[in-house]
Amino acid sequence: MSDTRGELEVETLLKIVLGLIAVLLVIEVLEAILGTLASVFGLFVPVIQLAIGVLIILWLLDQL
């Protein structure tokens, strides 16, 4: 088994985090624009945000 910990550069990690933030912003904008659909799918936005947060935590703890 090769140890790949630390091979990811800080700039790459920053791009990943900024990309996830951009996804969240797009979801929030779509929710604001499409209010009727957001009421139907309103439960999914926090679930997606929670899933992204859990993925970040698992990745930082090197469990992913």
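Here is a walk through the protein chain, from its overall layout down to a couple of single residues.

First, some ground rules: this is a predicted model, so local features need pLDDT of at least 70 and side-chain atom pairs count only at pLDDT 80 or more, while totals for chains, interfaces and linings use all residues. Residues are numbered from 1 along each chain as its sequence is written, and side-chain values use heavy atoms, with hydrogens and water left out.

Let's start with the big picture. The protein chain has three helices and zero strands, in the order α-α-α from the N terminus. Helices (H or I, at least four residues) and strands (E, at least two) are DSSP runs, numbered from the N terminus. Of the 64 residues in the chain, 6% are buried. Here buried means under 20% relative accessible area, exposed means over 50%, and partly exposed is in between (1.4 Å probe, protein chains only). The chain exposes about 5,400 Å², with carbon and sulfur atoms supplying 73% of that area. Such areas come from the Shrake-Rupley method with a 1.4 Å probe, and for residues only the protein chains shown count as cover.

Now look at helix H1, which covers residues 10-33. Leucine 25 sits in it and is exposed, at 53% relative accessible area.

Next comes helix H3, residues 44-60. Its 17 residues reach 24 Å from first C-alpha to last, close to the 24 Å expected at 1.5 Å a residue; that expected span is 1.5 Å times one less than the number of residues. Just after H3, aspartate 62 takes a positive phi of about 60 degrees.

Within H3 you'll find glutamine 49. Why does glutamine 49 count as partly exposed? Because its relative accessibility is 31%. Leaving aside neighbours within four places in sequence, glutamine 49 is in contact (heavy atoms within 4.5 Å) with Leu24 and Glu28.
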